[in-house]
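Me: I'd like to walk through this one with you. Can we start with the ligands?
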Amino acid sequence: MAVKTSQMVEQLELLGCIQCGKCTGGCPVARKTTLNIRSLIYHMLVEPEMDVDAHPELWDCTCCFTCVERCLKDVEPAELIIALRGQLVESGRIPDTVGAALMAIFRQGNPTGIAREDRANWAGELEINAAQEGCETLYFVGCIPSYDQRVQPVARALAQTLAAAGVNFGTLGADESCCGNEVRRMGEMGLFEMLVEENGELFRSVGASRIVTTSPHCFNTFKNEYGLDGVEALHYTQLVAELIEQGKLKFGSVGAWEKDVERVVTYHDPCFLGKQNHVFDEPRAILNAIPGVKLVEMDRNRERSLCCEGGGGRMWNEGTNLEERLAFQRVQEAADTGAEILAVACPFCLLTLEDAVKVQGLEERLKVMDIMELVSLAL
Ligand code: SF4
Ligand code: SF4
């Protein structure tokens, strides 16, 4: 399928590109597949049309935005990939698994395809207030924490922690729908806009002054793409760090955590929290506040953190090189620090890195835990 390049060059302001190659040089996926964002931009600039069917590697991009961070000309290279995916979505030329995830979001409001009515089951025995009855803080749970059995305990830990700190919060229960962050990055702009409109209306009707998310992906789109005037979007690490700072959370009072035992922990910065939204200090502040935690850094940390390959729709699309997964490298880097716990703050990172630990045979050396799991153990 041929895509006309001139209109896209203008819309995405690609003319500013000086072909320096810093984007491709930093792209973690370019090292293992044929994805070359600088070269894609070059073709857009010099050729009247691009045959997008000849670029299956477009689906390898994780939308980590390392290229956007590195571009000194403010070109936002990743937006070209999203736009080209949009063309493919429009013509139905998408991987089956991506199509299935998008259809499930359209029908059931989540990419797993499990029924909408089951969305609040993650809470189990916990009694959670309905945000629709009014609350100060809206807790947006997210699709993966709602439905994935490995991630549901993270949502429960966060809800219990907010309750312990006396936060007046509620959730939308079965009325919650996918945030759309990955939908936009898979190129389905129509569905994304529908979700923004419907979710935005629901959030405003609740009247909460802030919305806190489990996932950096939901946080990213609420903060940067929803236009939620008057509603502050926060990732949970920001809120929990604030609660600790205010003295509203005290560690070591009731939990099973042996506070005198030193535990070496390393932290993996999620792309959508770190690189894209510059939330680096709060997760570390939480970890440093937990008694017994000795935080050690991997060489690639903060802006230089290595993508786990879970974003940009890659949870539903394996990409063109399954053998050399970035998550394999990442868990090896974590193990090399001598840490016994690899702390994460994102549902996708939790799943991809935990799987990589198993595949790499590191289970005896390294345990992957969300920061909320550590917090709830230590409270
Ligand atoms: S970093 Fe920016 S200017 Fe350099 S090649 Fe990439 S898009 Fe072009
Ligand atoms: S967003 Fe990340 S994976 Fe995609 S092209 Fe840019 S650097 Fe590469």
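Me: Which helices each supply at least two residues of the shell around ligand 2?
Reply: Helix H4 (66-70) and helix H5 (78-90) do. Keep in mind that this is a predicted model.
Me: How many residues surround ligand 2, and which are the closest?
Reply: There are 13 around ligand 2. The closest are Cys27, Cys61, Cys64, Cys67 and Ala78.
Me: How does that shell divide into nonpolar, polar and charged?
Reply: The shell of ligand 2 has 11 nonpolar residues and two polar ones. It has no charged residues.
Me: Now ligand 1. How many residues surround it, and which are the closest?
Reply: Ligand 1 has 14 residues around it. Cys17, Cys20, Cys23, Cys71 and Val75 are the closest. Two elements give two or more residues to this shell: helix H2 (22-26) and helix H3 (37-46).
Me: And how do the residues of the shell around ligand 1 divide?
Reply: Eight are nonpolar, two are polar and four are charged.
Me: New topic. At what angle do H8 and H16 cross?
Reply: Roughly 50°. H8 covers residues 152-164 and H16 covers residues 371-378. Their axes come within 8 Å. With that angle, H8 is therefore oblique to H16.
Me: Is the crossing left-handed or right-handed?
Reply: H8 and H16 make a left-handed crossing.
Me: Which residues meet there?
Reply: From H8, Pro153, Val154, Ala157, Leu158, Gln160 and Thr161. From H16, Met372, Glu373, Val375 and Ser376. By class, this contact has six nonpolar, three polar and one charged residues.

Note on methods. Residues numbered from 1 in each chain as written. Chains lettered and ligands numbered in written order. Predicted model: local features only at pLDDT ≥ 70, side-chain atom pairs only at ≥ 80, totals over all residues. Near = placed C-beta within 6 Å. Helix = DSSP H or I, 4+ residues; strand = E, 2+ residues; numbered from the N terminus. Nonpolar A, V, L, I, M, F, W, Y, C, P; charged D, E, K, R; others polar. Axes fitted to C-alpha atoms, helices over the stretch in contact; angles between N-to-C directions. Parallel < 35°, antiparallel > 145°, perpendicular 65-115°, else oblique. Left-handed = near helix turned anticlockwise from the far one by under 90°. Contact = placed C-beta atoms within 7 Å.
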